[in-house]
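Here's a quick walk through this one, pairing by pairing and then out to the whole chain. Have the sequence and the structure open as you read.

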Amino acid sequence: MKKYLLKCQVNGKNIEREIRPDKTLLEFIREDLGLTGTKEGCGEGECGACLDLLDGRAVNSCLMMAAQAHGKKIITIEGLRDEKNPLIDSFAKEAAVQCGFCIPGFIIKAEELLSENPEATDDEIKESLAGNLCRCTGYKNIIKAVGKVRKKCLK
Ligand code: FES
Ligand code: FES
């Protein structure tokens with residue numbers, strides 16, 4: 001299969017890689033770049049575990065081809081960690097993490113929301129995170145953790 005030269009920016013670094021054209025964005029991020037914070041849950045767009053930011057929008061990387069990221073900026077959970085994003089601390093402080101598998105997706109989605117709407121209400125937070133599934137936490141502390149960061153934004 002003929003390879004394709006993908007050029008994009010990932011967590012602030014310019015990347016150029018030859019990839020198979022049938023590679024998903026999730027496979028590219030996890031296998032080619034070794035950024036395993038992006039998780040594969042359902043692989044079908046149903047759980048939100050694989051979310052990354054693509055030019056600021058949270059996208060299901062399991063449903064996208066890597067080639068669709070050509071020329072774009074990708075931020076993964078590792079990028080948010082490196083820039084000390086306050087959501088990460090807040091999830092830890094509010095005990096919003098149990099096994100942790102779903103958490104990168106929640107944080108990516110919450111980052112998209114608060115970037116667009118720093119005054120999001122609890123209902124807006126719940127609505128925004130409705131596509132993210134967690135098998136462990138019961139969601140309450142997750143909503144609280146996102147709400148605490150919103151309050152910091154409002155100070
Ligand atoms: S792994 Fe992509 S939405 Fe579940
Ligand atoms: S913390 Fe385990 S699936 Fe969410």
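E3 (51-54) and strand E4 (residues 57-60) run antiparallel and are joined by 4 bridges. Strands here are DSSP runs of at least two residues, helices are H or I runs of at least four, and both are numbered from the N terminus. Two strands pair if DSSP finds at least two bridges between them. Across this pairing, Leu53 sits opposite Ala58 in E4. The hairpin has 2 residues between its strands, and Asp55 there takes a positive phi near 50 degrees.

A word on provenance: this is a predicted model, where local features need pLDDT of at least 70 and side-chain atom pairs count only at pLDDT 80 or more, while totals for chains, interfaces and linings use all residues. Residues are numbered from 1 along each chain as its sequence is written, with chains lettered from A and ligands numbered from 1 in the order in which they are written.

## The E1–E2 hairpin

Strand E1 (residues 4-10) pairs with E2 in the antiparallel sense over 7 bridges. Lys7 has Glu16 in E2 as its bridge partner. This hairpin also has 2 residues between the strands, and Asn11 takes a positive phi near 50 degrees.

Is E2 buried or in the open? Of its 7 residues, the number buried is 0, so E2 lies largely in the open. "Buried" means 20 or more other C-beta atoms within 10 Å of a residue's own, "exposed" means 12 or fewer, and "partly exposed" is in between, with C-beta atoms placed from the backbone.

Leu25, Leu26, Phe28 and Ile29 are buried in H1. What covers the buried residues of H1 includes strand E2 (13-19) and strand E3 (51-54). Just after H1, Gly34 takes a positive phi of about 70 degrees.

Arg30 belongs to helix H1 (residues 25-32) and is partly exposed, with 19 other C-beta atoms within 10 Å. Leaving out residues up to four places away in sequence, Arg30 touches Leu35, Thr36 and Thr38; a contact means C-beta atoms, placed from the backbone, within 7 Å. Arg30 and Ala96 are 66 residues apart in sequence, and 24 Å separate their C-alpha atoms in space.

## Helix H4 and the core

Which residues touch the most other members of the largest nonpolar core? They are Leu87, Phe91, Phe106, Ile107, Ala110, Ile142 and Val146, out of 41 residues in that core. Helix H4 (residues 103-116) gives the most to this core, with 6 residues. The core draws at least three residues from each of domain 1 (4-79) and domain 2 (84-154). A nonpolar core here is a set of buried Ala, Val, Leu, Ile, Met, Phe, Trp, Tyr and Cys residues joined through C-beta atoms within 7 Å. Val146 touches Leu87, Ala110 and Ile125, not counting residues up to four places away in sequence.

In H4, 10 of the 14 residues are buried, so the helix is largely enclosed by the rest of the structure. Among the buried ones are Phe106, Ile107, Ala110 and Leu114, and also Lys109 and Glu111. The length checks out too: at 1.5 Å a residue, the 14 residues of H4 should span 20 Å, and the end C-alpha atoms are 20 Å apart, which agrees. That expected span is 1.5 Å times one less than the number of residues.

## Two domains

The chain is divided into domain 1 (4-79) and domain 2 (84-154), with bounds from an automatic or database domain assignment. Their C-alpha centres lie 21 Å apart. How many residues of each are in contact with the other? 14 residues of domain 1 meet 13 residues of domain 2. E3 and E4 each supply at least two residues of the side of domain 1 that touches domain 2, and E3 gives the most, with 3 residues.

## The whole chain

Overall, the protein chain comes to 6 helices and 5 strands, running β-β-α-β-β-β-α-α-α-α-α from the N terminus. Of its 155 residues, 38% count as buried. Along its principal axes the C-alpha trace spans about 50 × 30 × 20 Å.

With 155 residues, a compact globule would have a radius of gyration near 15 Å, and the chain has 16 Å, which agrees. That radius is taken over C-alpha atoms, and the globule rule is 2.2 Å times the number of residues to the power 0.38.

Methods
Two residues are in contact if their C-beta atoms, placed from the backbone, lie within 7 Å.
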